[in-house]
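Morning, everyone. Let me put the model up, and then I'll talk you through it.

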Amino acid sequence: MAASLLGAIFPATQIWHLVPLMIAVSLVYGATRFERWRDIAEHSLRFAVWVFGFLGLFSGILLWMSWRL
Amino acid sequence: MAEGEKTESVVEEPPVDLRSPGWAALLAWLIPGAGHYYQRRYGKAAVFAVCVLGTYFYGLAIGGGHVVYASWNRTDFRWQYVCQLGVGVPAMPALVQSRRVMRDKEPLFADVLAPPRQPVDPNNHDHLADWHLELSWRFDLGTLYTMVAGLMNILAVFDAYSGPFIAHAIRAKAIADAAKEAAQSAANAAKK
């Protein structure tokens, strides 16, 4: 059940390519806004969580729509 | 209170020695991380080099070496190359490859960074169509990766030129606050 649900959410391998891209973008964006490592790390983490949350939310909505409609 | 904490962090922001900002920006564009290395910001140099170059070469590898190329003709206007050129030197061989292909010469390095053979005809089967068939979604994903790498390096170039955005904003705010305070005390003195 869990495997099929995961398979439905991540049907293709291409979505996994998003992970390194998001990590790189978060780090670079954080590094261009701050100079101290602690600030950079905090900002990068917040940014990554926000982006993944946003994408996850919309993926969930789209999945629900394709399932229910 | 949160605002107070923010202000505290602002005051603690370390000063940044940008050395020669223009030169650093040029280096940062040509080789990701080099501008920051020149400014002795070694940690940032490593972050930018790894993230930008890693993203760029990862995208190039996914796309079989065909996703970065320069082509400016009517049927194949590769605008994505403008973003990819943000990476600097690693994207520049595409210009040499493009020149060779336009002059009907064989491209170097086994077609890597070379444009598709001409003519590109969107209505018929051509060399570009072969790449799309062969690489499928990898062509688009590789293009996206290499474009994002270029755009990330543009942010790094700005950082090399003027320091981190927050520190820059803090300096501007401090100047504005000082001006406001001076105006206030001048107004108070005039009243007295």
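Ground rules. This is a predicted model, where local features need pLDDT of at least 70, side-chain atom pairs count only at pLDDT 80 or more, and totals for chains, interfaces and linings use all residues. Residues are numbered from 1 along each chain as its sequence is written, while chains are lettered from A and ligands numbered from 1 in the order in which they are written.

Confidence. pLDDT is the predictor's per-residue confidence, from 0 to 100. Chain B averages 88, and 92% of its residues score at least 70. Over residues 1-11 of chain B the pLDDT is below 50, and this stretch has 1 contact in the model beyond near neighbours in sequence. Contact here means C-beta atoms, placed from the backbone, within 7 Å. For the complex, the predictor gives an ipTM of 0.79 and a pTM of 0.81.

Chain B overall. It has 9 helices and 0 strands. Those are DSSP runs numbered from the N terminus: H or I of at least four residues for helices, E of at least two for strands. The radius of gyration of chain B is 24 Å, well over the 16 Å that the globule rule gives for 192 residues, so chain B is more spread out than a compact globule. That radius is taken over C-alpha atoms, and the rule is 2.2 Å times the number of residues to the power 0.38. Along its principal axes, the C-alpha trace spans about 85 × 35 × 35 Å. Buried residues make up 35% of the chain. Buried means 20 or more other C-beta atoms within 10 Å of the residue's own, exposed means 12 or fewer, and partly exposed is in between; C-beta atoms are placed from the backbone.

Now α4(B), residues 42-62. It has 21 residues and reaches 29 Å between its end C-alphas, close to the 30 Å expected at 1.5 Å a residue. The expected span is 1.5 Å times one less than the number of residues. Its buried residues include F48(B), C51(B) and V52(B). What do the buried residues of α4(B) pack against? They pack against α2 of chain A, plus α3 and α8 of chain B. Y58(B) also sits in α4 of chain B. Why is Y58(B) classed as partly exposed? Because it has 19 other C-beta atoms within 10 Å. It touches P20(A) and Y145(B), not counting residues up to four places away in sequence. Just after the helix, G64(B) takes a positive phi of about 60°.

Across to chain A. The contact takes 25 residues from chain B and 16 from chain A. On the chain B side, α4, α8 and α9 each supply at least two residues. By class, that side has 19 nonpolar, 3 polar and 3 charged residues. Nonpolar counts Ala, Val, Leu, Ile, Met, Phe, Trp, Tyr, Cys and Pro; charged counts Asp, Glu, Lys and Arg; the others, Gly among them, are polar.

Last, the core. A nonpolar core is a set of buried Ala, Val, Leu, Ile, Met, Phe, Trp, Tyr and Cys residues joined through C-beta atoms within 7 Å. The largest has 42 residues, and V28(A), V52(B), M152(B) and A156(B) touch the most other members. α8(B) gives the most to this core, with 11 residues.

Definitions and conventions: Two residues are in contact if their C-beta atoms, placed from the backbone, lie within 7 Å.
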